[in-house]
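Hi everyone, thanks for coming. I'd like to walk you through one structure today, so let's get it up on the screen.

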Amino acid sequence: MSSAAATAPPSGPTGPTGPSAVFPVPDVLVFLTGRWTVDRTLTDLATGAAGTYQGTAEFRADGDGARLLHVEDGELDWNGTVNRAGRTLGLLPGPDGTAEVTFADGRPFHDLDLRTGLWHTRHPCGADLYDGTFTVVSPLEWRVRWRTAGPAKEHVQHSVYRRQGGSGAGV
């Protein structure tokens with residue numbers, strides 16, 4: 001798996017946007033496969049600048065099916081300036097329903113284990129540290145909170161992913 005440090009999930013959800021219950025996911029790749037809407041808020045804690053991102057995320061097999069691609073496309077409104085934005089990540093399957101998330105170029109990002117419905121992970125990026133919390137609240141919705149701290153960045157991102165079409169087809 002990746003070089004990012006990950007920790008076992010605590011007994012329940014935490015944080016100001018944490019739901020009261022979590023939804024266990026036996027296989028993260030099966031669960032994520034499909035199309036999702038993405039609503040994200042971003043806050044620069046050092047400057048107070050804020051923004052929103054709205055778009056879609058598609059999780060689909062890549063080429064020979066050895067990994068899942070996570071492709072986002074949407075619009076970022078940062079302090080009133082709107083630009084097109086997106087990203088691509090890869091998910092490599094683990095033997096037990098987990099995955100290793102990589103950047104588009106294959107570099108390790110973090111591990112992902114949603115078998116309890118809640119996962120905490122950490123990714124060092126230079127001198128900055130990204131702490132992520134993934135929470136699955138239903139077959140149709142999951143959430144991610146990233147808190148970045150360090151000399152280059154002090155920010156928080158909250159993302160809500162909702163399955164398009166409203167069916168739990170990926171579960």
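**A walk through the strands**

Some ground rules before I go on. This is a predicted model, where local features need pLDDT of at least 70 and side-chain atom pairs count only at pLDDT 80 or more, while totals for chains, interfaces and linings use all residues. Residues are numbered from 1 along each chain as its sequence is written, and side-chain values use heavy atoms, with hydrogens and water left out.

Okay, the overall layout. The protein chain has 1 helix and 11 strands, and along the sequence the pattern reads β-α-β-β-β-β-β-β-β-β-β-β. Helices (H or I, at least four residues) and strands (E, at least two) are DSSP runs, numbered from the N terminus. Of the 171 residues, 38% count as buried. Here buried means under 20% relative accessible area, exposed means over 50%, and partly exposed is in between, with a 1.4 Å probe and protein chains only.

Back to Glu154, which is found in strand β11. Is Glu154 buried or partly exposed? Its relative accessible area is 27%, so Glu154 is partly exposed. Not counting residues up to four places away in sequence, Glu154 touches Thr43, Asp44, Leu45, Ala46, Arg147, Thr148 and Ala149. A contact here is heavy atoms within 4.5 Å. Look at Ala46 in particular: Glu154 and Ala46 are 108 residues apart along the chain, yet their C-alpha atoms are separated by 5.9 Å. For the protein chain as a whole, residues 24 or more positions apart account for 46% of the contacts with a separation of 6 or more.

Also in β11, which spans residues 154–163, is His155. His155 has 15% relative accessibility, so it counts as buried. Leaving aside neighbours within four places in sequence, its contacts include Tyr130 and Trp146.

That brings me to the aromatics. How many aromatic pairs are there? The count comes to 9. The rule is that rings of Phe, Tyr and Trp (its six-membered ring) pair if their centres lie within 6.5 Å; planes under 30 degrees apart count as stacked, over 60 as edge-to-face and the rest as tilted. Take Phe59 and Trp142: their ring centres are 6.1 Å apart and their planes sit at 65°, so that pair is edge-to-face. Phe59 lies in β3 (residues 50–62) and Trp142 in β10 (residues 141–149), so the pair ties together parts that are 83 residues apart in sequence. Phe59 is buried at 2% relative accessibility, and Trp142 is buried at 4%. Phe59, Phe134 and Trp142 are among the members of one aromatic cluster, along with Phe31 and Phe103.

Arg107 lies over the face of Phe103, 4.5 Å from the ring centre, and the charged end of Arg163 sits over the ring of Phe31, 5.7 Å from its centre. To qualify, NZ of Lys or CZ of Arg must be within 6 Å of the ring centre and within 35 degrees of the ring normal.

On a 1 Å grid over the protein atoms alone, a cavity is a set of points where a 1.4 Å probe fits but cannot get out, and a pocket is an open set with protein on both sides within 12 Å along at least five of seven lines; lining residues have an atom within 4 Å of a point. Points are joined across faces, edges and corners, and a volume is the space filled by probe spheres set on the points.

The largest pocket holds about 380 Å³. Of its 20 lining residues, those closest to the centre are Arg40, Leu42, Arg87, Tyr130 and Gln157. Strand β5 gives the largest share of that lining, 5 residues.

As for cavities, there is 1 of 30 Å³ or more.
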